Amino acid sequence: MNVRFVPRSEIKISKKSSSKFKPLLEALDNLEPGGQAVQVTYENEKELNSMRNVVYTYNRDNNEKIKSGKDSRNQTVYFYKDA
């Protein structure tokens, strides 16, 4: 058995790549500042919160500033980059 200590930054968890939010993460890669927004529908507030958590993690990991806006009447959320 080979045991060693490694920096935490070397450890990458790939759980999000197999999550149901993978299409959202792929769409975030294509956002341009001042360009189009990504429109996503949700079923309940729990799902909306999960999506936002995924985006906030994406922001932190990629040093991005993706924001969101919610249309609660149509149960839709928009993710965009400001210019």
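Buried means under 20% relative accessible area. Thr76 has 4% relative accessibility, so Thr76 counts as buried. This is a predicted model. Thr76 belongs to strand 3, which covers residues 76-81.

What does the side chain of Thr76 reach? The backbone oxygen of Asn74, at 3.0 Å. Leaving aside residues up to four places away in sequence, Thr76 touches Gln39, Val40, Thr41 and Tyr42, along with Gly69, Lys70 and Asp71.

Asp29 is part of helix 1, residues 22-29. Is Asp29 buried or exposed? Its relative accessibility is 51%, and the cut-off for exposed is over 50%. Asp29 therefore counts as exposed.

The side chains of Asp29 and Tyr58 are joined by a polar contact of 2.6 Å. In sequence the two residues are 29 residues apart. In space, their C-alpha atoms are 9.6 Å apart.

Side chains of opposite charge can pair when their charged atoms come close. How many salt bridges does the structure hold? It holds four. Among them is the pair of Glu47 and Lys20, with an N to O distance of 3.5 Å. This pair links distant parts of the chain, 27 residues apart. Glu47 sits in helix 2 (residues 45-62), and Lys20 in the segment before helix 1.

Lys70 lies in strand 2 (residues 66-71) and Glu45 in helix 2, so the bridge ties together parts that are 25 residues apart in sequence.

Lys70 has a relative accessible area of 41% and is partly exposed. Glu45 is also partly exposed, at 40% relative accessibility.

## Salt bridges: Lys81 and Glu64

The side chains of Lys81 and Glu64 form a salt bridge of 2.9 Å, N to O. Which parts does the pair tie together? Lys81 lies in strand 3 and Glu64 in the loop between helix 2 and strand 2, so the bridge connects parts 17 residues apart in sequence.

Lys81 has a relative accessible area of 14%, so Lys81 is buried. Glu64 is partly exposed, with a relative accessible area of 26%.

Conventions: Residues numbered from 1 in each chain as written. Predicted model: local features only at pLDDT ≥ 70, side-chain atom pairs only at ≥ 80, totals over all residues. Heavy atoms only, no water. Helix = DSSP H or I, 4+ residues; strand = E, 2+ residues; numbered from the N terminus. Buried < 20%, exposed > 50% of the residue type's maximum accessible area, 1.4 Å probe, protein only. Polar contact = N/O pair within 3.5 Å; in protein donor to acceptor, adjacent residues only side chain to side chain. Contact = heavy atoms within 4.5 Å.
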